[in-house]
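Colleague: I would like to go through this model and ask what stands behind the words used for it. Please set each value against its definition.

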Amino acid sequence: MTYLSSLYLPGALALWCACAFAFAALYGYAAALGGDEASRRFARTSYRFFAISIVLASAVLLVCLYLRDYRIEYVYQYSGNELPTHFQLAAFWAGQKGSFLIWLLWGSLLGLPLARAAGRDEAPVMGTFVLTQIALLLILVRENPFVMLPQTPADGVGLNPLLQDNWMVIHPPIMFIGYAASAIPFAFAMAALWRRDYEGWAVRAFPWALFGFLVLGVAILMGGYWAYKTLGWGGYWGWDPVENASLIPWIFGTALIHGLYLERTRGRYRRANVVLASLVYLSVLYGTFLTRSGVLADFSVHSFVDLGISGWLIALMVFFVGMAVWLIATRFREIPAVPNEDPFLSRGSFLVLGSIALLTSAVVVTFGTSAPLLTRFLENPGQVGPEFYNRVNTPIALLIAFLLSLIPYLTWRESGGVAGILRQARLPLAVAAVVTIVAVVVAVHDPFHLLFIFLASLAVAGNLATAVALIRRGGLKTAGGYLTHVGVGVILIGFLASSAYDTSEKVTLERGVPKAVGDLTLTFHRYVPRTADEKERMEVEVVRADGSRYMAYPKLFLNDRTQQMMANPHVKTMPLQDLYISPLEYNPGEPGGRITLAKDQSVERGGVGFRFLGFDLQGADHGAMNASAGPMTVGAVLEITRGGQTTRAMPLFSFSPDGRSEFQPLTLPDGATIALSGIDAERGAIEIAVDGLAELKGTPAHLSLDVTHKPLIQLVWIGLYLIFAGGVLAAINRYRQALRFDRADVAAG
């Protein structure tokens, strides 16, 4: 097989065309930067064709996935005949090659509006941005996703079961929008340095920095929620290197938007902002290197394997780090610096302190994530655990809560001193005091935690009051920043309550035997086999202290790809807490009261004979309905021989289109019961459960669970929603300011 014949040419040609158009756009913008304004049109046209080529390459891969074209190696590796369509399409970003392609797709599309928004800086901004796109494109040209297999398999390997979740369908694409957006403030900063024009870049870059902050934040929220409801380990953040790879640029981005705000309003911190804009993008590259080069393969549960691109990733980092360091170092002294004359109790000083706290956290997380790399050449390379991150970040979070609690009462100059602040904060102080007293009454007695709750509550109350006042005076668009601070206060309380005050108990349930777990009573009823829509799951009845009850269905199943046992928890959300039930181990017990039979198969247990004659699909006559209208009922016709007497029985099994199933025990003449507890449709076999026959004795099944109460965890999600809402309002406001700046810039010539 020649090189060309080994490639699926529709996709490969699109990538090669994209490569040619990208270099043409780079040439055009370089010529425009050199003074040839006629080249600008050529560069724009080339960039549009570059974006079209990437869209076409992505469309080809999506179509191949949809058609299950297993001639293509990537389609074979990450899809399969059994996958639903939405998971089949999600296989696009399941592997390294596809994830680089979708990253490039979003970047190419973001470049279209960026070319217009860059204004007079279009040539240097787009030139830098095109370089970032070429970097990804070269990886894809080397690791082409359209490589074909010598022979076409009948089925694909399939998608990792952990990725077969609706949140995972949308979480990675949004994450890569954030990664693509991180290159835009970097491009503005490099352009400002290149042109030695330090006026105006912050205004134009501000909306893009907010956009990246928002999108990456939403992706992190989705990833945290997916981990919480799917992985079964009870947390929303595990400090895994792959998780940190997105968190670090987000923290740098948060510091950047505060720095840009200070530069926009006070004309200060220009030097710091070009460094921060560089750190956002460079930290994305560094995180990509850590998680895709294979250096963390032994330390991360979902780090990518090495595709042999480590050298490329190192070369890209060296190139962009070198570009940033060279431009910053050679222009640093030229960048105008305005002396900081703000008093300590001023808005400017507190914003700087907040940015320093964020930077400290980002640096700590970066070093912690890099620990396996830093200790790689030691005898025992290792990593730091969640305790390290929690211990270091908790004081930082307390400092941020303190700063946020005072920000609403500070001005740029004089803030009236401590007495003036206390006078303005009377109502929020009262609210924070009440919340703290309630916390004491409920369960919190740790002085550090009480201080944390008091400051976070004060931050929520003060910033919320200020946001409401701003909305009344200037409309909703003016309140974005303070609404975001409200979200931070809410989320800090959620972090503390759900992590420091959760209660967890491990319990083993014998099938059919109720067991008290705290104020709950749990009963394990049965093991529910896999269906087309649901993995294997356990049916557990939960009875609360008030007598209310519901069925929980935690899942415990074998990962078909890795042959590892996987667990999905059942999460019951209540107003003040979540009840988190995670399966740990299932023991099916010894055969006795449970018998598996294929059609026409007989078995004798303890002198009792059982014969499965076949299914009775006329079970609908017993009250069942068709699948489109409700549950479907199937009967299993059995012959039971005992003491020379043969009787017939037909236990029923009902299942719904949503995957739920039920069975009703059937009472035999001697008082024993028999139930159809499972159906193996592929083998045409059934499982029956017999109870009450002295001749049949076995070991009952046991299920081990981790039952956890997560107090106030809803505040984590509510806080993130508030941060997102505030960020959207702030982005819209800054975008309008950028448009006004551009109009003024054009008017001034």
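Colleague: Which residue in β20 does Val-507 stand opposite?

Modeller: Val-507 stands opposite Leu-705 in β20. This is a predicted model, in which local features need pLDDT of at least 70 and side-chain atom pairs count only at pLDDT 80 or more, while totals for chains, interfaces and linings use all residues. Residues are numbered from 1 along each chain as its sequence is written, and side-chain values use heavy atoms, with hydrogens and water left out.

Colleague: What makes β1 and β20 a pair?

Modeller: Two strands pair if DSSP finds at least two bridges between them. Strand β1 (residues 503–510) and β20 have eight bridges, in the antiparallel sense, so they count as paired. Strands here are DSSP runs of E with at least two residues, helices are runs of H or I with at least four, and both are numbered from the N terminus.

Colleague: How many bridges join β9 and β20?

Modeller: Strand β9 (residues 577–587) pairs with β20 over 10 bridges, again antiparallel. Within this pairing, Tyr-580 has Thr-708 of β20 as its bridge partner.

Colleague: Why is β20 called mostly covered?

Modeller: Eight of the 10 residues in β20 (residues 702–711) are buried. Buried means under 20% relative accessible area, exposed means over 50%, and partly exposed lies in between, with a 1.4 Å probe and protein chains only. In the chain, buried residues make up 53% of the 749 residues.

Colleague: Why are β10 and β17 called edge strands?

Modeller: The open sheet runs β10-β19-β18-β17 with antiparallel pairing. β10 (594–598) and β17 (666–667) each have a single partner strand, so one side of each is left without a neighbour in the sheet. β17 pairs with β18 (residues 673–680) over two bridges, and Thr-667 has Thr-673 of β18 as its bridge partner.

Colleague: What makes α9 roughly antiparallel to α10?

Modeller: Helix α9 (residues 241–266) and helix α10 (residues 270–292) pack at about 170°, with axes 9 Å apart. Angles under 35 degrees count as roughly parallel, over 145 as roughly antiparallel, 65 to 115 as roughly perpendicular and the rest as oblique. That makes α9 roughly antiparallel to α10. The axes are lines fitted to C-alpha atoms, for helices over the stretch in contact, and the angles run from 0 to 180 degrees between N-to-C directions.

Colleague: Which residues make the contact between α9 and α10?

Modeller: Contact means heavy atoms within 4.5 Å. Among them are Ile-248, Phe-252 and Leu-256 of α9, and Leu-276, Val-280 and Val-284 of α10.

Colleague: Are Cys-17 and Cys-64 buried or partly exposed?

Modeller: Cys-17 has 37% relative accessibility and counts as partly exposed, whereas Cys-64, at 3%, counts as buried.

Colleague: Why is Thr-647 called partly exposed?

Modeller: Its relative accessible area is 35%, so Thr-647 is partly exposed. Thr-647 lies in strand β14 (residues 645–649) and touches Leu-638, Glu-639 and Ile-640, not counting residues up to four places away in sequence.
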